[in-house]
Amino acid sequence: MGTLFTKAWVLHDVVRQPERAQLVEQTYTFPDITSCEVLAKPLYGCLEANMLHALQRDPIDICRERNEGAVVLGNAGVVTIDRVGSAVTELNAGDTCIVFGNGIWDEQGYPIKIMGYDAPGTMGVLAKTMKLHERQLIRIPASSSFTLEQWASFSLRYVSAWANWRVAYECWKSQMSGVATHETVVCAWGGGVSFAQLTLAKRLGCRVLMVCSQPERLDMLQREGIDAIDRSPFSDADFEEGILSAIADKTEGKGVSIFIDNIGTPVHRVTLKALARQGVVTTCGWKLGMRTHVARAIECLSRHIHVHTHFAKYQEGLDAVRYAEEHSWMPPHPERVWNWDEIPAMFRDYAAGNIATYFPVFAINA
Ligand SMILES: NC(=O)c1ccc[n+]([C@@H]2O[C@H](COP(=O)([O-])OP(=O)(O)OC[C@H]3O[C@@H](n4cnc5c(N)ncnc54)[C@H](OP(=O)(O)O)[C@@H]3O)[C@@H](O)[C@H]2O)c1
């Protein structure tokens, strides 16, 4: 099998970067495609929280986990296919697709590891050329009404949102099927995944609320018809009381039916306190910490259902794409697209909280 070369932004292991992990631009070498793989040119990518987790080597050091000295990150984006392997049946050279980040899946198709992250031997979109398994791509509908930049934003956060929402909403209905959708209150904190889930819940007719902190985000939520709670006026001392009181005001004291919490440790206690009886707390993320404390008796007495999911299986990706095109369920077209050379600076700004958009898109070959 031949060897291919590409220019890439690469993350090195802790031996080569003991101080602080950072992206290094270099020539990256990888084996030619197998029969089930395709060779593709990434056009746009979207910066995802998992890429930052990888640079922070927290909660896991992915180079060590994969036992690889160098990794190309990036599991959200849009690519165009250059060449397909001999066993590839659904895709052709010239197709434009979103990346579907399921790296290694179980016998039901649910992800165990994520490509461009913890799945060994996989590469992400931070490269001028990449290879993927055919099941790591979903063709963008012909004559789509949306831009490639929007599809790049959609690729990971919206598919995760779709898959998590499907389970959470079924769980809610399992105990509360008599409640009308306009009386079902869905509240979230987090970023792009939570935003995507709320816009989905809104399309079903639910009441939607999001906790956020920046004026640009408050504006964006308003434009999408999502009721916002600004968390910035609260200090650590009055955060819990302030948020709970704001939620009580907005729900006539009834509490939240489905709470999407992708933040984790520092806010989880408030999440649980804000839930109505028979409420569902749902998550696929742990932005600020993965360990949480639960008083099991209280959760049982309140009949709370706790939902945990991780990305999606392929059929859920296909369903999400079809629904998105048919119902205009799409992230906004970005006001700014960062270029290839700006990528490391973009990572730094995102980590410092200086990027307001939930969907920071960068160009690779576009
Ligand atoms: N397992 C999966 O399938 C999957 C898929 C995608 C993402 N994820 C994970 O889900 C998590 C969230 O990802 P994301 O892409 O939605 O997030 P994101 O776009 O990175 O944004 C995180 C948001 O958290 C909010 N935030 C920060 N500190 C906060 C605090 N102390 N209290 C409340 N909110 C705070 C910020 O909004 P404000 O400042 O405006 O409040 C920020 O926009 C990440 O850990 C990511 O890795 C998992």
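Biologist: Which helices each supply at least two residues of the shell around the ligand?

Modeller: H1, H3 and helix H4 (192–204) each do. Helices (H or I, at least four residues) and strands (E, at least two) are DSSP runs, numbered from the N terminus. This is a predicted model, in which local features need pLDDT of at least 70, side-chain atom pairs count only at pLDDT 80 or more, and totals for chains, interfaces and linings use all residues. Residues are numbered from 1 along each chain as its sequence is written.

Biologist: What makes a residue part of that shell?

Modeller: A residue counts as near a molecule or strand if its C-beta atom, placed from the backbone, lies within 6 Å of it. The ligand is surrounded by 30 residues, and Ala49, Gly191, Cys212, Ser213 and Gly285 are the closest.

Biologist: Why is the ligand said to lie between domains?

Modeller: Domain 1 (3–139 + 334–363) and domain 2 (156–308) both give residues to the shell, so the ligand lies between them. The domain bounds come from an automatic or database domain assignment.

Biologist: Why is Phe311 called buried?

Modeller: The label needs 20 or more other C-beta atoms within 10 Å of the residue's own; 12 or fewer is exposed, in between is partly exposed, and C-beta atoms are placed from the backbone. Phe311 has 24 such neighbours, so it counts as buried.

Biologist: Is Ser143 buried or exposed?

Modeller: Ser143 has 6 other C-beta atoms within 10 Å, so it is exposed.

Biologist: Which peptide bond is cis?

Modeller: The bond from Asp58 to Pro59, with omega near 10°. Pro59 belongs to the loop between helix H1 (49–55) and helix H2 (62–66).

Biologist: How do you know that E14 and E15 pair?

Modeller: Two strands pair if DSSP finds at least two bridges between them. Strand E14 (residues 256–261) and strand E15 (residues 275–283) have four bridges, in the parallel sense. Phe259, for one, has Val281 in E15 as its bridge partner.
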